[in-house]
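Dear colleague,

Please find below the structure that I am handing over to you. The notes that follow it set out what was found there.

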Amino acid sequence: PDLIAGIARTRLKTIAKREAERFAKAQPKTRAALAGGADAYLDAVPMHWMKDWPMPFPMLVETARGARLTDIDGNEVDDFCLGDTGSMFGHSPEPVAKAIRKQARNGLTYMLPTEAALEAGRLLTERFGEFHWQIATTATDANRFAIRVARAVTGKPKVLVFHGCYHGTVDDAMVELANGKTVTRPGLTGQVADLTKVAACAEFNDLDSVEAALKTGEIAAILTEPVMTNSCMVLPEPGFHDGLRKLATKYGALLIIDETHTISSGLGGYTGVHGLDPDIFVVGKCVAGGMPTAVWGLRPKLAKAYIRYNAGRASGHSGMGTTLSANPMQFACLRATLAEVMTKATYDHMEKGAERLYSGLKRVIEAHGAPWHVVRVGARVEFICAPGPLKNGTEAGAAHMPEVEATLHTALLNRGCLIAPFHNMMLVSPATKKRQIDRLIAAFDAILSELFA
Ligand code: PMP
């Protein structure tokens, strides 16, 4: 029979069609509102990623509280996407909402720090370790600026990334491997520069490929997530991070750890939980409870080298920073998140819930004999419609089953559970209830019962 991810293709098609129709039927007000009001936007969406949701048209959200969204048709859904990590600590965490209300009376942006900024700086160091911090607005920008500093200090041209990685819309990371060679990713819009002059690509979990790149002497920094989270999830093999650290030091490259997704690991992110030792630490998305904010920090020795680098130069446009960054609203939210939201108790709840979700999904997969697997990094859980574990970005790319995933996502949403598009990712927030997790497991079971009947 013609199978995809173990499912008969004809059966998948029938179910996909039925679920898309069911979705459209439950949103009459949304459909009417979109028909009357979306045209002002390019291609009818305010940001083109919103086209990547698997349902036939996006939900129009009316309210979001804790781990729950309500659309304008009154449909309530349990939110396991949580803004693809931006709201990992739940929608509008109370301390953050309170900080916003207070700051709203005192100005929104003025290019000067506040006392909350000073406290946030202390809390960043307390939470993530000894780094000298800068505030950006997106993790994309934080990574771009980190790469700039790495090139400045090392005088080397290239950033080394892993095949299948994602670090935001950072041009320099937009390369991949084709037949073992670094090439510019073909999907980039309007790309005219040859990115292979500024970037090199290796395979995750393959220290030999990393060393081969470093041996060229051209690598300013290795930029990596602790776990590859942006394709199908790939865990680091024992010794991989240790090896990266040693190789970076040996060849005079910096190690940039991007914790934007792995902040789900626990207090201090994967770095804190597993004792990694980056030269530059980056985290964005949920770090200020959902207020657009990212931070990047340099180890003291590197900070000194950077200051020395600058001392000898004429000042001018640095290519770093943006006008609205490090604004007082960000500091208010960053301080509130670090002090009152990102706590051990919070992570304990997330961890416990995520373990429940992980084992529940695993049980369902096994019960149906699906050739699939589940991976978890703290509060972050992902089912993968292929056998595992995956070793690198090439395997992760091949494990994606877009048709199966789209059908599953829509079917889950029709049963009241929203999971992240692009991948099969689910986050357990401090606000996520046990019964929401159990409902998701039950919905997953119901769908697999049909798919694997
Ligand atoms: N780093 C990682 C690991 C990410 O997953 C992402 C976004 N998915 C980013 C950076 C960029 O974040 P943003 O889109 O908020 O700039």
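I begin with strand E12, from which Leu254, Ile256 and Asp258 point one way and Leu255 and Ile257 the other way, all of them buried. Buried here means that 20 or more other C-beta atoms lie within 10 Å of the residue's own; a residue with 12 or fewer is exposed, one in between is partly exposed, and the C-beta atoms are placed from the backbone. Helices (H or I, at least four residues) and strands (E, at least two) are DSSP runs, numbered from the N terminus.

Please note that this is a predicted model, in which local features need pLDDT of at least 70 and side-chain atom pairs count only at pLDDT 80 or more, while totals for chains, interfaces and linings use all residues. Residues are numbered from 1 along each chain as its sequence is written. The pLDDT is the predictor's confidence in each residue, from 0 to 100. For this protein its mean is 97, and 100% of the residues reach 70 or more. For the complex, the predictor gives an ipTM of 0.99 and a pTM of 0.98.

Strand E12 and its partners

Strand E11 (residues 219–224) runs parallel to E12 and is joined to it by 4 bridges; two strands pair if DSSP finds at least two bridges between them. Within this pairing, Ile222 stands opposite Leu255. E12 is also joined to E13, by 3 bridges and again in parallel, and there Asp258 faces Val282 as its opposite residue. Strand E13 itself (residues 280–283) has Ile280 and Val282 pointing one way and Phe281 and Val283 the other way, and all are buried.

The ligand

Which residues are closest to the ligand? They are Thr138, Ala139, Thr140, Gly168 and Thr260, out of 14 residues that surround the ligand. By class, the shell holds 2 nonpolar, 9 polar and 3 charged residues. In this scheme Ala, Val, Leu, Ile, Met, Phe, Trp, Tyr, Cys and Pro count as nonpolar, Asp, Glu, Lys and Arg as charged, and the others, Gly among them, as polar.

The two domains

The protein is assigned domain 1 (3–79 + 344–451) and domain 2 (94–341); such bounds come from an automatic or database domain assignment. The centres of the two domains, taken over C-alpha atoms, are separated by 28 Å. Between them, 23 residues of domain 1 are in contact with 23 residues of domain 2, where contact requires C-beta atoms, placed from the backbone, within 7 Å. On the side of domain 1 that touches domain 2, at least two residues each are supplied by H11, strand E15 (373–377), strand E16 (380–384) and helix H12 (393–399). H12 gives the largest share of that side, 5 residues. The classes on that side are 10 nonpolar, 8 polar and 5 charged residues.

The open sheet

Four strands form an open sheet in the order E3-E4-E5-E17, with mixed pairing. Strand E3 (61–65) and strand E17 (417–418) are at the edges with a single partner strand each, so one side of each has no neighbour in the sheet. E3 and strand E4 (residues 68–71) run antiparallel and are joined by 4 bridges. Val61 has Asp71 of E4 opposite to it.

Individual residues

Several single positions may also interest you.

- Gly360 is found in helix H11 (residues 344–367) and is partly exposed, because 19 other C-beta atoms lie within 10 Å.
- Asp43 lies in the loop between helix H2 (28–37) and E3. Its phi is near 60 degrees, a positive value in a residue other than glycine. Asp43 counts as exposed because it has 10 C-beta neighbours inside 10 Å.
- Asp84, in the loop between strand E5 (76–79) and helix H3 (94–103), has a positive phi of about 50 degrees although it is not a glycine. With 17 C-beta neighbours inside 10 Å, Asp84 counts as partly exposed.
- Pro389 belongs to the loop between E16 and H12. A cis peptide bond, with omega about 0 degrees, joins Gly388 and Pro389.

With kind regards

Methods. Near = placed C-beta within 6 Å. Contact = placed C-beta atoms within 7 Å.
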